[in-house]
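The sequence and model are shown first.

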Amino acid sequence: MRILVVGGGGREHALCWAISASSLCENLYCAPGNAGISKIAECIDIQANNIKEIVRFSLESSIDFVVIGPEVSLVLGLVDELEKLGIKAFGPTAGAAKLEGSKGFMKDLCIKYNIPTAAYERFYDGESAKKYIKEKGAPIVVKEDGLAAGKGVTIAASIEEALVAVENIINNNSRLSPNGLVVEEFLMGQELSYFVLVDGTNTLPLAGAQDHKKVGDKDTGPNTGGMGAYSPAPILTDELESKIMENIILPTVKGMAQEGTPFKGVLYAGLMLTSEGPKLLEYNVRFGDPECQVLMMRLRSDILPALLATNQGTLDNFSLRWSQEAALTIVMAAKGYPGKYETGERIVGLESIKTDEALIFHAATKSKNGQFFSNGGRVLNICSTGKEIKNAQKKAYGAIKKIGWKGGFYRSDIGWRAINQS
């Protein structure tokens with residue numbers, strides 16, 4: 001098969017790495033890809049949000065199957081446009097992608113189908129939102145109702161911080177209307193990332209993972225797209241997984257079908273494990289980044305047949321094998337991220353890291369004359385496996401010390417929660 005992966009981050013590098021190992025894959029392309037991906041796939045200079053050009057390339061290059069990584073491509077309707085031409089794709093239609101594209105849509109769906117989530121209100125003007133915040137008090141959560149690359153959520157510890165968040169959304173987001181913003185109650189507990197393949201009707205749970213959203217050690221600082229992750233998540237027991245499937249995932253799949261927008265693709269539930277049970281924080285309609293990296297490291301089955309079965313509606317008799325080992329990834333980012341940062345800085349030492357120490361998934365790199373340079377905020381993923389999380393952590397931090405990049409930084413405590421629990 002001729003496969004095209006859309007995207008150019010660490011998630012897409014991990015997907016390309018897994019797909020390239022499939023006996024079904026004859027030719028692998030990635031648009032736009034990055035310097036690391038170029039080692040295993042032919043990179044095509046088309047941005048992930050350029051729907052027209054991706055469709056044109058897929059048609060002219062006789063692509064058999066398109067695997068879509070970023071949420072923006074899905075929300076913009078790439079699957080819809082490919083399907084019009086008879087090209088198979090992994091991912092939801094634009095209608096189903098609203099689960100991530102609009103937090104308000106997701107919250108309304110939860111209420112309609114009795115899916116546990118935080119109490120909330122939707123607003124379309126700043127003054128009404130501010131009045132509600134003053135009435136409810138803090139802590140409180142303010143969410144931009146649109147795509148924000150994982151950085152559109154403010155967990156406000158004070159009313160003043162929440163009011164500033166409202167102002168920032170209004171001032172920085174021309175899409176405020178009609179999407180507006182969501183203000184919701186603050187939930188106490190531990191977060192969990194839960195992934196399920198869905199073919200419109202049937203579901204296939206994947207391994208659990210936990211992310212580190214905050215930019216700084218001890219979970220301090222602003223939210224990011226993710227500074228590291230690990231799998232499995234020790235807190236995900238069989239009993240908890242049953243509750244998640246029964247109370248959250250299955251009602252969502254049924255509800256989306258009843259709404260006329262059946263979901264196909266990977267459903268990524270961001271959950272808060274509260275004293276009242278698991279509650280849905282948000283849905284993403286694609287693999288997490290960097291959770292995808294640790295999932296692909298642990299997967300022992302061929303990923304491509306599973307993705308094809310998701311598209312074809314045949315997941316009911318499908319299963320996947322997973323390694324019993326743990327996987328952990330550390331994100332190396334440019335100083336200043338998630339704010340302003342520099343690009344074009346040289347990175348050395350990657351070739352000194354052996355594959356039994358770590359795999360390096362590139363998230364935002366470019367190459368020139370055989371040398372690597374930074375090309376974004378989150379730049380590298382250093383991924384290791386081990387018998388337990390602490391073993392994988394030790395290997396990953398040992399490997400990252402071999403990398404030379406003056407403008408780079410990383411958290412020093414990825415995996416702390418799992419290690420404490422075990």
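## Basis of the model

The model is predicted: local features need pLDDT of at least 70, side-chain atom pairs count only at pLDDT 80 or more, and totals for chains, interfaces and linings use all residues. Residues are numbered from 1 along each chain as its sequence is written, and side-chain values use heavy atoms, with hydrogens and water left out.

## Overall form

The chain has 14 helices and 24 strands. Helices (H or I, at least four residues) and strands (E, at least two) are DSSP runs, numbered from the N terminus. The radius of gyration is 21 Å, close to the 22 Å that the globule rule gives for 422 residues, so the chain is as compact as a globular protein of that length. This radius is taken over C-alpha atoms, and the globule rule is 2.2 Å times the number of residues to the power 0.38. Along the principal axes, the C-alpha atoms fill a box of roughly 60 × 45 × 45 Å.

Of the 422 residues in the chain, 58% are buried. Buried means under 20% relative accessible area, exposed over 50%, and partly exposed in between (1.4 Å probe, protein chains only). Contact means heavy atoms within 4.5 Å. Among contacts between residues at least 6 apart in sequence, 68% join residues at least 24 apart.

## Nonpolar cores

A nonpolar core is a set of buried Ala, Val, Leu, Ile, Met, Phe, Trp, Tyr and Cys residues joined through side-chain atoms within 4.5 Å. The largest such core has 50 residues, of which Leu99 and Ile249 touch the most other members. Helix H10 (residues 238–258) gives the most to this core, with seven residues. Leaving aside neighbours within four places in sequence, leucine 99 is in contact with Phe105, Met106, Leu109, Thr252, Met256, Phe263, Leu267, Tyr283 and Val285.

In helix H1 (residues 10–20), nine of the 11 residues are buried, and the helix is mostly covered. The buried residues are Gly10, Arg11, Glu12, His13, Ala14, Leu15, Cys16, Ala18 and Ile19.

Helix H6 (residues 103–112) is largely enclosed by the rest of the structure, because seven of its 10 residues are buried. These are Lys103, Gly104, Phe105, Met106, Lys107, Leu109 and Cys110. Just after H6, asparagine 114 takes a positive phi of about 60°.

## Aromatic pairs

Rings of Phe, Tyr and Trp (its six-membered ring) pair if their centres lie within 6.5 Å; planes under 30 degrees apart count as stacked, over 60 as edge-to-face and the rest as tilted. The structure holds seven aromatic pairs. One of them joins tyrosine 29 and phenylalanine 57 edge-to-face, at 5.6 Å centre to centre and 75° between the planes. This pair links distant parts of the chain, with tyrosine 29 in strand S2 (residues 27–32) and phenylalanine 57 in helix H2 (residues 51–60), 28 residues apart. Tyrosine 29 is buried at 8% relative accessibility, and phenylalanine 57 is buried at 11%.

Phenylalanine 123 and tyrosine 132 form a tilted pair, 5.2 Å centre to centre with 50° between the planes. Phenylalanine 123 counts as buried at 10% relative accessibility, as does tyrosine 132 at 14%.

## Serine 384

Serine 384 belongs to strand S23 (residues 378–386) and is buried, with a relative accessible area of 1%. Its side chain reaches the backbone oxygen of glutamate 357 at 2.7 Å. A polar atom of the serine 384 side chain also lies 3.3 Å from the backbone nitrogen of alanine 396. Not counting residues up to four places away in sequence, serine 384 touches Met297, Ala326, Ala327, Leu328, Glu357, Ala358, Ala392, Lys395 and Ala396.

## Cysteines

A disulfide is defined here as a pair of cysteine sulfur atoms within 2.5 Å. A search of the whole structure finds zero disulfides. For cysteine 16, the nearest cysteine sulfur is that of cysteine 30, 4.1 Å away. Cysteine 16 is buried, with a relative accessible area of 0%. Cysteine 383 is in no disulfide either, and its nearest cysteine sulfur, that of cysteine 292, is 9.9 Å away. Cysteine 383 is buried, with a relative accessible area of 1%.

Methods. Polar contact = N/O pair within 3.5 Å; in protein donor to acceptor, adjacent residues only side chain to side chain.
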